[in-house]
2 protein chains.
Amino acid sequence: MNDKLTVELISVGTEILMGNIINTNAAFLAEQCVRLGLNCYYQDVVGDNADRLKATIDTALGRADIIILGGGLGPTQDDLTKETAAECMGRKLYMDEDSKAAISDYFARTGRTPTDNNWKQAMMPEGCIILPNHNGTAPGCIIADKENNKHVILLPGPPEELKLMYTESVEPYLRSLMKGTIWSKTVKICGIGESRAESMIEDLIDSQTNPTIATYAKTGEVHIRVTAYGEDEQSAKKLVKPMVKELKSRFGEYIYSTEEDVTLEKAVVDLITGNGLTVSTIESCTGGLLAGRLISVPGVSDAFKSGLITYSNKSKRKLAGVKKSTLDKYGAVSKQTAAEMVKGVAALTKTDVAVATTGIAGPDGGTPEKPVGLVYIACYVCGNVTVTEHHFNGTRQKIRDNAVTSALNLMRRCILEYCSKKAFGGE
Amino acid sequence: MNDKLTVELISVGTEILMGNIINTNAAFLAEQCVRLGLNCYYQDVVGDNADRLKATIDTALGRADIIILGGGLGPTQDDLTKETAAECMGRKLYMDEDSKAAISDYFARTGRTPTDNNWKQAMMPEGCIILPNHNGTAPGCIIADKENNKHVILLPGPPEELKLMYTESVEPYLRSLMKGTIWSKTVKICGIGESRAESMIEDLIDSQTNPTIATYAKTGEVHIRVTAYGEDEQSAKKLVKPMVKELKSRFGEYIYSTEEDVTLEKAVVDLITGNGLTVSTIESCTGGLLAGRLISVPGVSDAFKSGLITYSNKSKRKLAGVKKSTLDKYGAVSKQTAAEMVKGVAALTKTDVAVATTGIAGPDGGTPEKPVGLVYIACYVCGNVTVTEHHFNGTRQKIRDNAVTSALNLMRRCILEYCSKKAFGGE
């Protein structure tokens, strides 16, 4: 693995440089490159300035084999990544008719009229590989100098455009440059913190060589990536397999998937549809975000019928039939209210599975007994109700995101439990 | 503006380099430095490697007045930021007895015992200013070379330690170095694309000096930042004001705010609560995300009562009273269904304002007549219903995000229209 290729990431944009946005693109690309087994020694951020961008690209060309630039492909005068990268690589720009047609199409489909500067996005460096943009107008490109083994890859700045283009076009290209193969598998865990997860595999981390193990903390989740290098896919897979088995035995039911494209919400939706169940939601503090996560999964319409957002006490009573006496005695944020909410929505929508959230997301509204961050989550599965109590930290946004993740995980575990009982004739 | 000081940010750490964590420190420091009026031309990320770190610091010393390093002050052998920065500035390390005592104290307070390598954190570069760490053990420091006007500032990597140390110690130091001040104002626009917005102010961009103008594309929004430099805050503000006035006259009702902390959803919620109105939502394709955006605004509970997610036709009929004949004749994704949905939820929840979304988010479900990306949005304000038709591009996620932003903007414009009619005695 010593002849590994090196990659340098350059993020272009005044917005990142001035702190208007957080550089999530660099984290995404770094994670992907590491996964492929590329060495990454430097990341740079530079503004939309031709001289400084040129200096940064030239420096990177002196110390890396592959340079991935993100940002500065837009239609405005500020955007000069393509012009500058082409200059560094000794290429001229030409009007690419296919890209021009794709931009025309994009505007026609969205019912808008392109302005003159939109055509700037169809100007491409000579001899480059053009990367189609299926999430926006700016095509990306790869300028390769095969003689000197240098590859400059230009991607658009908006994260959803960059990610899709990376997955569709850049990863296959990078794989084609490499000797041997990298294979990785991600064990996705929910319901356990990162430091606890890490301490449970300290021995494996300390003794790692090939495969390697890396943990990544996500909101309410921990992903453990096992990566092996082999001469071919088969031999790399063979190295990954026993380690994944070991992780499965250590983390058991905390693992919700080991598949790349399975998110927690997809795992839950798959469990629901795979067992022929239907689902509804009732949300207070998460205010629609939980339904939003479930509905982000394509094909959910077979199972998801309706959801309620009952933000006020009145709507908890009127829409979900929560008793006034329960609200008066225990309050809206209580185990009892969560349970009545979930039973109410299941009855109203006649679904097999239902989930409820009620909590205090802050920044105001906390009391010593019920502080900001207190959230109750209830899950109903075919007559059985489970309620859990959570104490989350951080901002309103973070509390709500953690509540959504915990609700999805509770659904997963309750449905699994129900199905395993059913399989053993328990119900 | 030419005598502005320049700052370069260097983030040190393999975790950032490998994409395990997102570099929020750089965004925080960049925003703070821009606020102070420092020029920031480069950010770098480098791992815990002495040679590469030294090369990065040396490069930064050649092009910036102030260098802020975050990370690598920990107790382990990997942590070598202090040693390397001291070497670059020609300083030796010495054991600082005050720092040693502070570390002892910290361990005593948290009930733990320091290990030998913890004392490494008390070794400081000669002649530096020591910055106390009130959130951890590693002190920071400033190594100043006043003769050459270079300032190297070392901060710990954990965000809560870095932020507190910046606020307590670094900002006052930076202010002491500066002449003059920077002031900026952001004009936030919705309902117009970035390239069209920019073409509307091309003349202003071309002739900019002080103030400067920059446009930022957000999902469905464009932000235009006007920034001026002045001897004091007053004179900088005076330069910004006429430019903001000019932008207001050009973009008119497309502008939803010029306040830093006002998001589109906050502008909508402020309009609702400020006019004593109440609001409800009914969502099909956006599946809760629209309610989620509204509920992200603290204090929304005064106005938001309930929301419905009516994903199936049956739930559109049962919960919102959409007529079967309407669904049969026009389909779920139609102007007519959107209108009935919004009237239904307004009647059910007895709210003044309501909003409905129905569309095809994909990836499946599109037809030639009703392609993926077709979304109808309806807004109800005190009896009046407005329905708009949209054609969005991109992934399921992007279509839903754009639908949410468009729905918020439609709400804003309908409420404004209603209020202005009311003010002129129209209703």
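These legends walk you through several views of a predicted model. Local features are shown at pLDDT of at least 70 and side-chain atom pairs count only at pLDDT 80 or more, while totals for chains, interfaces and linings use all residues. Residues are numbered from 1 along each chain as its sequence is written, and chains are lettered from A, with ligands numbered from 1, in the order in which they are written.

**View 1. Chain A as a whole.** Start with the 15 helices and 17 strands of chain A; helices (H or I, at least four residues) and strands (E, at least two) are DSSP runs, numbered from the N terminus. The C-alpha atoms fill a box of roughly 75 × 55 × 40 Å along the principal axes. Of the 427 residues in chain A, 49% are buried, meaning that 20 or more other C-beta atoms, placed from the backbone, lie within 10 Å of the residue's own.

**View 2. Domains 2 and 3 of chain A.** An automatic or database assignment divides chain A into domain 1 (6-177), domain 2 (181-257) and domain 3 (264-423). The C-alpha centres of domains 2 and 3 are 30 Å apart. Here 8 residues of domain 2 are in contact with 9 of domain 3 (C-beta atoms, placed from the backbone, within 7 Å).

**View 3. Where chain A meets chain B.** Look for 67 residues of chain A in contact with 64 residues of chain B.

**View 4. A strand pair across the two chains.** Strand β14 (residues 304-310) of chain A pairs with strand β14 (residues 304-310) of chain B, antiparallel, over 5 bridges; pairing requires at least two bridges found by DSSP. Find A:L308 here: its bridge partner is B:L308.

Key:
Two residues are in contact if their C-beta atoms, placed from the backbone, lie within 7 Å. A residue is buried if 20 or more other C-beta atoms lie within 10 Å of its own, exposed if 12 or fewer, and partly exposed in between; C-beta atoms are placed from the backbone.
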